[in-house]
Amino acid sequence: MLKELLETHHCFKLVCGAGNEDIEEIKRLVYVYAIAGCRLFDLSANSDVIDAAREALDLARVYDAYLCISVGIKNDPHVNKAVIDYERCVNCGLCEEICPQGAIHYAKVKKERCVGCGRCWRVCSRAAISYVAEEKNLDDVLPSIVDKGIDCIEFHAMGLDEDEIFKKWQYINDNYEGLLSICISRSNLGDEAFLSRIKRMIEQREPYSTIIQADGIPLSGGDDNYKSTLQAVATAEIVQNAKLPVYLILSGGTNAKTSELAKMCEISFNGIATGSYARKIVKKYIDKEDFWNNPQVLNEALNVAKPLVDSVIL
Ligand code: SF4
Ligand code: SF4
């Protein structure tokens, strides 16, 4: 049971990306991190993505892993997709250079790879990049995903539209009996509204049937230092101080220093979810053409992935 893994207080969760639907990348990411010791994988709400992750776990001969499916909503950066306005674009290539997902090629966005991180928007001096939210219709995706026997659904409770959030949250509660996770940051809310949203969301749930994924600065990971991970730890502390009957996972700027910093700050977390940083450190290996045929490539990927996973599970 996933609860047992959380109760060890050493759960490493690999975030493949709520908006990441690049099947081959997901298969390779799950394969590397499963062998490195990860046992919880966060995936987009997409049947093909779930199948790819399962295939990777079979290939890795890992049979005790759990799958969590992420559902984003309007204003959730995790499901934003970059769009380029060609009236403004001068094809300077800066966005392609900065994109951590390799989602831009000759000023064209490969939607399935884009995870909405915002880096391209920040470097574009022509204001040619904007975002559209690719939220999914829960009626369309949830039944088939639940049928696949997943272990957890994560709802991204970002944004300011409380009505939309609570309507969708209710729908998920009515249609799924398992463990739910709330991924939430305080960026748009402030501390009080952040906590009161969490309290309202867990009001009718059984104790310890909900994970709070305290998202420091969403999609901000990339560097392995204390500064990058500070907000994830600070956000987790707010949840911890509220003494709620929930499991606590840190995310949003997490890296190999997160576990150490959280322990220094006396945060009793159940797990750490890492996305941007985890994907970045293995990217050059999983992008190689001979990935599946060259054991050396896998070994090199494991040399960087394993210390990250070990920083949480050991
Ligand atoms: S950074 Fe802006 S101007 Fe440059 S290629 Fe990208 S979209 Fe075009
Ligand atoms: S930089 Fe981020 S937002 Fe832009 S295309 Fe790449 S993944 Fe998407």
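Which residues does His-9 touch, not counting residues up to four places away in sequence? His-9 touches Ser-268, Phe-269 and Asn-270, where contact means heavy atoms within 4.5 Å. This is a predicted model, in which local features need pLDDT of at least 70 and side-chain atom pairs count only at pLDDT 80 or more, while totals for chains, interfaces and linings use all residues; side-chain values use heavy atoms, with hydrogens and water left out. Residues are numbered from 1 along each chain as its sequence is written, and chains are lettered from A and ligands numbered from 1 in the order in which they are written.

His-9 is found in the loop between α1 (2-7) and β1 (11-15), with helices (H or I, at least four residues) and strands (E, at least two) taken as DSSP runs and numbered from the N terminus. At 33% relative accessibility His-9 counts as partly exposed, a class that lies between buried, under 20% relative accessible area, and exposed, over 50%, for a 1.4 Å probe and protein chains only. Most residues other than glycine have a negative phi. A second case is Ala-127, whose phi is near 50 degrees and thus positive in a residue other than glycine; Ala-127 is found in the loop between α5 (119-123) and β7 (129-133) and is partly exposed, with a relative accessible area of 49%.

Ile-313 has its place in helix α12 and is partly exposed, with a relative accessible area of 29%. Leaving out residues up to four places away in sequence, Ile-313 touches His-10, Phe-12 and Gly-37, and its C-alpha lies 9.4 Å from that of Ile-272, which is 41 residues away in sequence.

In soluble globular proteins, nonpolar side chains tend to be buried together. Phe-41 shows the contacts of one such residue: leaving aside neighbours within four places in sequence, Phe-41 is in contact with residues including Leu-14, Val-30, Tyr-33, Leu-57 and Cys-68.

Ser-44 is found in strand β2 (residues 40-44) and is buried, with a relative accessible area of 0%. Beyond neighbours within four places in sequence, Ser-44 is in contact with Gly-17, Ala-18, Asn-20, Glu-21, Val-49, Ile-69, Ser-70 and Lys-136. Gly-222, in the loop between β10 (210-215) and α9 (226-241), is also buried, with a relative accessible area of 11%, and touches Ser-276, Tyr-277 and Lys-280, not counting residues up to four places away in sequence.

The ligand sites remain. Ligand 1 is surrounded by residues that include Cys-89, Cys-92, Cys-95, Cys-124 and Arg-126, a residue being near a molecule if one of its heavy atoms lies within 4 Å of it. By class, this shell has eight nonpolar, two polar and one charged residues, where Ala, Val, Leu, Ile, Met, Phe, Trp, Tyr, Cys and Pro count as nonpolar, Asp, Glu, Lys and Arg as charged, and the others, Gly among them, as polar. Around ligand 2 there are 13 residues, the closest being Cys-99, Cys-114, Cys-117, Gly-118 and Cys-120, and that shell has ten nonpolar, three polar and no charged residues.
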